[in-house]
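Dear colleague,

I am handing over the structure below, and my notes on what was found in it follow directly after. Please read them with the model open beside you.

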Amino acid sequence: MTSVTATKRSGPDGPHGGSSGRDGHGGQGGRPRRSWRPGPSGPSPQGKAFGDRAAWFLVLPALIPILILSVGPLLYGIALAFTDAQSGRTRSTQWIGTLNFQDLLHDTLFWDSFRIGLVWAVGVTVPQFLLALGLALLLNQNLRLRWLARALAIVPWAMPEVVVGIMWRLVYNPDAGILNETIRDLGLGDGRDWLTGLATALPAVILVGIWAGMPQTTVALLAGLQNTPRELHEAAALDGAGAWRRFRTVTWPAIKPIALAISALNLIWNFNSFALVYVLTSGGPGGRTRLPMLFAYEEAFRYGQFGYAAAMGCVMVAVISVLLAVYLVGRLRGGEDR
């Protein structure tokens, strides 16, 4: 009885069921192991095609408004630049080729506005970045009521440009403005009309542009500063590095990509400014603050020269494209260097 039970338990070839080795492949009665082979990795072609179609369906709700409201008008404006389109329902539009661009080359008023636009863009962007960098460094410190200071710093960003323009017109008011009242109280003179003076209009408008656009630069730089590991600053301080050296060797390399990106965007946005300067001065006095966007607006909606204004817009689009190309090439080269 015992032998029969032992025979059933051990099988025909012993207690291991015919296994002659540890791997279980030997013996006549052992079950051979199935060799494991990985299946094909990644999704199937059908699944990938379905995923691509699903992705397009998800993108379409955001893509359609861009095509209708941005790309479509841009292409229509480019086509309009090669015509003599003017205001008037009964006036026919003729194709005139590059005649608008030829006239634009000899239009000294447009090139004056273009020069003013460059002065405005650089004059706003550079001080805006420097002041925003200093404010971001200050707000990154462990100060009391830091949360309140950060909230107040972004107030100008939350205000519409029209509201900012109206507010600063009140500040610059020659009779009851707070700026002239302060000058009179300090005994520095009787004040002046800042927005209508030929020498003061553009600097006054640039000051408003700096104030209105500084918060977004501050927020971007502050985000970069907060992502910089504090251990690097502590290690540099232990090595005897001063504040300037720590900024140059630790802080600036960490925020440099953000600084370049926000500066390029600010330059483009400032060059395209319209609402703020229009509310403040409407391009005056004597065209001293007439930016290219204001000049094109006047040609189109005051004088009805739609084709000529569209040619101005094409020139400005070309300038902005060059600025974007320079920025992207710099970013690509910087990525290859790293």
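Predicted model: local features only at pLDDT ≥ 70, side-chain atom pairs only at ≥ 80, totals over all residues.

Arginine 246 is placed in helix α11, which covers residues 243–271. Leaving aside residues up to four places away in sequence, arginine 246 touches His233, Ala236, Ala237, Ala241 and Thr251. Alanine 235 is 11 residues from arginine 246 in sequence, and the two C-alpha atoms are 9.7 Å apart in space.

Phe57, Leu60, Ile64, Ile66, Leu67, Ile68, Leu69, Val71, Leu74, Leu75, Ile78 and Val317 together make a nonpolar surface patch of about 1100 Å². Helix α2 (residues 45–80) provides the largest share of this patch, with 11 residues. Leucine 74, which lies in helix α2, has a relative accessible area of 40% and is thus partly exposed.

**Aromatic pairs**

A pair of aromatic rings is described by the distance of the centres and the angle of the planes. The count for this model comes to 17 aromatic pairs. For phenylalanine 82 and phenylalanine 101, the ring centres are 5.3 Å apart and the planes stand at 50°, so this pair is tilted. The pair links distant parts of the chain, since phenylalanine 82 is in the loop between α2 and α3 whereas phenylalanine 101 is in helix α3, 19 residues apart. Phenylalanine 82 is partly exposed, with a relative accessible area of 23%, and phenylalanine 101 is also partly exposed, at 22%.

Tyrosine 278 and tyrosine 297 form an edge-to-face pair, with 5.6 Å from centre to centre and 75° between the planes. This pair, too, links distant parts of the chain, with tyrosine 278 in helix α12 (residues 275–280) and tyrosine 297 in helix α13 (residues 292–301), 19 residues apart. With a relative accessible area of 33%, tyrosine 278 is partly exposed, and tyrosine 297 is partly exposed with 32%.

Beyond these two pairs, Phe110, Trp111, Phe114, Phe271 and Phe295 are linked by ring pairs into a cluster. A charge also meets a ring in this model: the charged end of arginine 192 sits over the ring of tryptophan 194, at 5.8 Å from the ring centre.

With kind regards

How values were computed:
Residues numbered from 1 in each chain as written. Heavy atoms only, no water. Helix = DSSP H or I, 4+ residues; strand = E, 2+ residues; numbered from the N terminus. Contact = heavy atoms within 4.5 Å. Patch = residues over 30% accessible without salt bridge, like charges linked within 9 Å, V, L, I, M, F, W, Y side chains within 5 Å. Areas by Shrake-Rupley, 256 points an atom, 1.4 Å probe, with all protein chains shown as cover. Salt bridge = Lys/Arg side-chain N within 4 Å of Asp/Glu carboxyl O. Buried < 20%, exposed > 50% of the residue type's maximum accessible area, 1.4 Å probe, protein only. Phe/Tyr/Trp six-rings, centres within 6.5 Å; stacked < 30°, edge-to-face > 60°. Lys NZ or Arg CZ within 6 Å of the ring centre and 35° of its normal.
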